[in-house]
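Biologist: Can you walk me through this one? I'd like the fold, then the surface, then the charged pairs.
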Amino acid sequence: MVTDLQSVDFEIRFVREDIRDRYTDVDFEEAYKVIMGHLVASDDFKSLIGEQACRVQTLFFTDIIVFIIPSTRHEAVFASFDYDEDFLVNQFVQQISETAPGE
């Protein structure tokens, strides 16, 4: 699943059918609110540790890996992937880190 997260709304760019069928629009809306709340709150943590920019937040679950790539305080890209031993996490994170926001 890949989603553009914006300040007051979100746009799903890609979602597999088997994932889409498991969740309702209400579920996606609730997930959006939770993710945006954490994204905005992360500014406090970045300030606390003396960092200015968060290149990517990575969440590892049993079967999926999630990347939240912020571009501004209220905008980001959310991407989730099936996670197994073949997934090249380091290469993906490096590619994201080298890409300027908005590209």
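Modeller: The protein has three helices and five strands. Helices (H or I, at least four residues) and strands (E, at least two) are DSSP runs, numbered from the N terminus. This is a predicted model: local features need pLDDT of at least 70, side-chain atom pairs count only at pLDDT 80 or more, and totals for chains, interfaces and linings use all residues. Residues are numbered from 1 along each chain as its sequence is written, and side-chain values use heavy atoms, with hydrogens and water left out.

Biologist: In what order do the elements of the protein run from the N terminus?
Modeller: The order is β-β-α-α-β-β-β-α.

Biologist: What percentage of the residues count as buried?
Modeller: Of 103 residues, 29% are buried. Buried means under 20% relative accessible area, exposed over 50%, and partly exposed in between (1.4 Å probe, protein chains only).

Biologist: And what share of the contacts comes from residues 24 or more positions apart?
Modeller: They supply 42% of the contacts with a separation of 6 or more. Contact means heavy atoms within 4.5 Å.

Biologist: Let's look inside. Where is Leu39, and is Leu39 buried or exposed?
Modeller: Leu39 is in helix H2. Leu39 counts as buried because its relative accessibility is 3%.

Biologist: Which residues does Leu39 touch?
Modeller: Leaving out residues up to four places away in sequence, Leu39 touches Gln57, Ile68, Pro70, Arg73, Glu75 and Ala76. Ile68 is 29 residues from Leu39 along the chain, with 8.5 Å between their C-alpha atoms.

Biologist: What about Ser80? Which element holds Ser80?
Modeller: Ser80 sits in strand E5, residues 75–82. Ser80 is buried, at 17% relative accessible area. Its contacts are Met1, Ile65 and Val66, again not counting residues up to four places away in sequence.

Biologist: Which residues make the nonpolar surface patch?
Modeller: Leu59, Phe61 and Ile64 make a nonpolar patch of about 250 Å². Patches are made of residues with over 30% relative accessible area and no salt bridge: like charges are joined within 9 Å, nonpolar side chains (Val, Leu, Ile, Met, Phe, Trp, Tyr) within 5 Å. Ile64 belongs to strand E4, residues 64–72, and is partly exposed at 33%.

Biologist: Which residues gather in the patch of negative charge?
Modeller: Asp9, Asp27, Glu29 and Glu30. Lys and Arg count as positive and Asp and Glu as negative; His and the chain ends are not counted. The place of a charge is taken as NZ of Lys, CZ of Arg, CG of Asp or CD of Glu. Glu30 is in helix H2, residues 25–48.

Biologist: Switching to pairs. How many salt bridges are there?
Modeller: Five. A salt bridge is a side-chain nitrogen of Lys or Arg within 4 Å of a carboxyl oxygen of Asp or Glu.

Biologist: What does Arg13 pair with?
Modeller: Arg13 bridges to Asp4, with the closest N and O atoms 2.6 Å apart. Arg13 also bridges to Glu11, at 3.5 Å. Arg13 is exposed, at 52%, whereas Asp4 is buried, at 17%.

Biologist: What is the closest N and O distance for Asp82 and Arg16?
Modeller: That salt bridge has its closest N and O atoms 2.7 Å apart. The pair links distant parts of the chain, 66 residues apart: Asp82 is in strand E5, and Arg16 is in the loop between strand E2 (10–14) and helix H1 (17–20).

Methods
Areas by Shrake-Rupley, 256 points an atom, 1.4 Å probe, with all protein chains shown as cover.
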